[in-house]
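Reader: I would like to learn how to read a few features of a structure, one after another. Could we take them in turn, with the general idea placed ahead of the particular case?

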Amino acid sequence: DIAVKARNGSGFSDPGTGTVTVTAVEPDPPSVTPSASGSTITVTWAAAGTGGAAIDGYEVTIEQSESPGATIACEGTPSAVPGLLDGSSCTATGVAGTSYAVTVRAHNEAGFSLPSTATIAVAPAVPTVTASVSGTTITVEWAATGTHPETIDGYEVTIALTDSPST
């Protein structure tokens with residue numbers, strides 16, 4: 001409610017009153033920070049402005065940069081709004097060897113915020129290694145594992161000799 005009184009040298013008038021309804025708008029984009037460890041991406045975000053209504057969930061999308069449209073699920077606490085997450089983080093597993101675009105949008109009763117986007121590169125998965133010895137020759141073989149072995153541009157092979165007693 002709003003009240004306005006006029007004033008002059010004799011004092012104040014009675015108040016004139018009115019009512020204003022404030023309508024919520026879409027929230028501001030949240031800030032987003034992805035991090036990678038092994039074959040896991042963790043996405044954290046922080047809410048910005050609410051747009052005048054409570055944030056009721058977040059939409060998180062993780063997409064392979066080389067394959068637009070190929071998304072990976074980010075597991076977190078479900079919100080009361082179906083398909084959205086509550087809280088401030090989620091985790092995607094089984095990723096490796098490529099870069100990913102991470103997008104987070106906040107939601108309130110007025111709709112979705114503009115997206116916040118970040119990109120993260122994930123190291124390749126550990127290769128499978130076998131080795132054999134024949135006489136004085138050591139043969140080492142390896143194979144790429146995980147997703148996107150085509151993004152691997154080389155390997156480094158190290159052979160460490162150790163002293164061991166002969167029997």
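Reader: How many disulfides does a search of the whole structure find?

Author: In general, a disulfide is a covalent bond between the sulfur atoms of two cysteines. The model here is a predicted one, and a search of the whole structure finds 1 disulfide. It is formed by cysteine 74 and cysteine 90, whose sulfur atoms lie 2.0 Å apart. The pair links distant parts of the chain, 16 residues apart, with cysteine 74 in the loop between strand S8 (71-72) and strand S9 (89-93), and cysteine 90 in strand S9.

Reader: What is the handedness of the disulfide, and why?

Author: The torsion about the S-S bond of cysteine 74 and cysteine 90 is about 95 degrees, and the disulfide is therefore right-handed.

Reader: Is cysteine 74 buried or exposed, and is cysteine 90 buried or exposed?

Author: The step of reasoning here needs a cut-off, since buried means under 20% relative accessible area. Cysteine 74 has a relative accessibility of 11% and so counts as buried, and cysteine 90, with a relative accessible area of 2%, is buried as well.

Reader: Turning to the strands, which strands pair with S10?

Author: Strand S10 (residues 99-108) is mostly covered, with 8 of its 10 residues buried. Strand S7 (residues 57-64) pairs with S10 in the antiparallel sense over 8 bridges, and threonine 61 stands opposite threonine 103 in S10. S10 and S12 also run antiparallel, joined by 6 bridges, where serine 99 has alanine 121 in S12 as its bridge partner. With strand S11 (residues 111-112), S10 makes an antiparallel pairing over 2 bridges, and the two form a hairpin with 2 residues between them; asparagine 108 stands opposite glycine 111 in S11.

Reader: Which residues does serine 116 touch, beyond those up to four places away in sequence?

Author: Serine 116 lies in strand S12 (residues 116-121) and is buried, because its relative accessible area is 10%. Its contacts, not counting residues up to four places away in sequence, are Pro29, Pro30, Ser31, Val32, Val102, Thr103 and Val104.

Reader: Where is threonine 130 found, and which residues is threonine 130 in contact with, leaving aside its neighbours within four places in sequence?

Author: Threonine 130 is found in strand S13 (residues 128-134) and, at 44% relative accessibility, counts as partly exposed. Leaving aside neighbours within four places in sequence, threonine 130 is in contact with Thr139, Val140 and Glu141. Threonine 130 and valine 140 are 10 residues apart in sequence, while their C-alpha atoms are 5.9 Å apart in space.

Definitions and conventions. Residues are numbered from 1 along each chain as its sequence is written. This is a predicted model: local features need pLDDT of at least 70, side-chain atom pairs count only at pLDDT 80 or more; totals for chains, interfaces and linings use all residues. Side-chain values use heavy atoms; hydrogens and water are left out. Helices (H or I, at least four residues) and strands (E, at least two) are DSSP runs, numbered from the N terminus. Buried means under 20% relative accessible area, exposed over 50%, partly exposed in between (1.4 Å probe, protein chains only). Contact means heavy atoms within 4.5 Å. A disulfide is a pair of cysteine sulfur atoms within 2.5 Å. Two strands pair if DSSP finds at least two bridges between them.
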